[in-house]
Amino acid sequence: MVSKIMENVGSVLEQIRAAALRAGRDPAEVTLVVVTKTRTVAEIEEALAAGIRHLGENRVQELRTKAPLLQAHQPTWHLIGTLQTNKVKQALEWAELIHSLDRVSLLEELAKQAERRGCPCDALVEVNVSGEQSKQGLAPADLEPFLRLVAQQRWVRVRGLMTMAPLVDDPEQARPYFRRLRELRDQVQALGLEGVSMEHLSMGMSGDYIVGVEEGATLVRVGTAIFGPRD
Ligand SMILES: *Cc1c(COP(=O)(O)O)cnc(C)c1O
């Protein structure tokens, strides 16, 4: 039997594919990260049964609770929410990609814990392209100096950029922010910094992932469109 969740996975994947083709991109460049915050293990297993391999949690505590219960499926976990330095050690036990690197103190702690583990850590730098006060992320102007610090150490490898667009009614309104992130990626790439690669753009959630893909997203983070509204 095909459940509603499995059906939703199928239609989101189809939308991603169509958006990629519209933009002249290879759909295989885009990975759907299913956002599992507040969802039960049973719900998440339905998404896994539909072929999903990448899961995203925004809180370390929730990640630590669920990840061991889903280990048999060997998903790739993404930590997408704000990360406190005192949770870094636990986060690295499960998350293969941190989407929310946004400050020097976090870079330092990630580097320290990664070195302790003897395993380099992959992260995306979160950028606040809208400039909204409520949003996490580095200001675009702070990106280059930050990445020069990244280039001076070897335990944290930056693999791209992440952003959250403002909440808008019309997904088209998110487009300029996603475009801006792509332009920043191109500028960073031109710097040719050691330890900094730009293969990933993490942008787009349930309301705007189609626009995200059209603008170059390689990772979209989608929860509600798959599981329904959160309580
Ligand atoms: C919750 C969350 C998402 C997914 O939001 P939906 O609107 O449910 O798709 C994406 N990114 C981050 C950082 C989140 O916290």
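Author: A residue is called exposed when its relative accessible area is over 50%, and buried when that area is under 20%. The structure discussed here is a predicted model.

Reader: What makes Gln 74 count as exposed?

Author: The relative accessible area of Gln 74 is 67%, and because the cut-off for exposed is over 50%, Gln 74 is exposed. Gln 74 belongs to the loop that runs between α3 (60-66) and β3 (76-79), and its phi is near 50°, a positive value in a residue other than glycine.

Reader: Which other residue has a positive phi although it is not a glycine?

Author: Thr 38 has a positive phi, of about 70°, and this residue is placed in the loop between β1 (31-35) and α2.

Reader: Why is Leu 97 called buried?

Author: Leu 97 has a relative accessible area of 9%, and since buried means under 20%, Leu 97 is buried. Leu 97 is part of strand β4 (residues 95-101), and, when residues up to four places away in sequence are not counted, the residues that Leu 97 touches include Trp 77, His 78, Arg 159 and Leu 219. Between the C-alpha atoms of Leu 97 and Glu 214 there are 23 Å in space, while the two are 117 residues apart in sequence.

Reader: How do you know that Val 196 is buried?

Author: The relative accessibility of Val 196 is 14%, and because the limit for buried is under 20%, Val 196 counts as buried. Val 196 is found in strand β7 (residues 196-202), where it touches Leu 147, Val 150, Val 158 and Val 188, leaving out residues up to four places away in sequence. Leu 147 is 49 residues from Val 196 in sequence, yet their C-alpha atoms are 7.3 Å apart in space.

Reader: Which residues touch the most other members of the largest nonpolar core?

Author: That core has 65 residues, and Ile 98, Leu 101, Leu 110 and Val 125 touch the most other members. Its largest share, six residues, comes from helix α1 (residues 4-22). Apart from it lies another core, of five residues, and Leu 97 is among them, as are Val 33, Met 162 and Leu 219. Beyond its neighbours within four places in sequence, Ile 98 has contacts that include Leu 79, Leu 83, Leu 110 and Cys 121.

Reader: What makes α1 oblique to α2?

Author: The axes of α1 and helix α2 (residues 41-49) cross at roughly 45° and come within 8 Å. That makes α1 oblique to α2, because an angle under 35 degrees would count as roughly parallel and the range for roughly perpendicular is 65 to 115. The crossing of α1 past α2 is right-handed, and the contact is made by Ile 5, Met 6 and Val 9 of α1 together with Glu 43, Glu 46, Ala 47 and Ala 49 of α2. By class, this contact of α1 with α2 has five nonpolar, no polar and two charged residues.

Reader: Why is α6 called roughly parallel to α7?

Author: Helix α6 (residues 140-150) and helix α7 (residues 175-191) have axes that cross at roughly 30° and come within 11 Å. Because angles under 35 degrees count as roughly parallel, α6 is roughly parallel to α7. The crossing of α6 and α7 is right-handed. Among the residues that make the contact are Leu 143 and Leu 147 of α6 and Leu 184 and Val 188 of α7, and by class the contact of α6 with α7 divides into six nonpolar, no polar and three charged residues.

Note on methods:
Residues are numbered from 1 along each chain as its sequence is written. This is a predicted model: local features need pLDDT of at least 70, side-chain atom pairs count only at pLDDT 80 or more; totals for chains, interfaces and linings use all residues. Side-chain values use heavy atoms; hydrogens and water are left out. A nonpolar core is a set of buried Ala, Val, Leu, Ile, Met, Phe, Trp, Tyr and Cys residues joined through side-chain atoms within 4.5 Å. Buried means under 20% relative accessible area, exposed over 50%, partly exposed in between (1.4 Å probe, protein chains only). Helices (H or I, at least four residues) and strands (E, at least two) are DSSP runs, numbered from the N terminus. Contact means heavy atoms within 4.5 Å. Axes are lines fitted to C-alpha atoms, for helices over the stretch in contact, and angles run from 0 to 180 degrees between N-to-C directions. Angles under 35 degrees count as roughly parallel, over 145 as roughly antiparallel, 65 to 115 as roughly perpendicular and the rest as oblique. A crossing is left-handed if the near helix is turned anticlockwise from the far one by less than a right angle, and right-handed if clockwise. Ala, Val, Leu, Ile, Met, Phe, Trp, Tyr, Cys and Pro count as nonpolar, Asp, Glu, Lys and Arg as charged, and the others, Gly among them, as polar.
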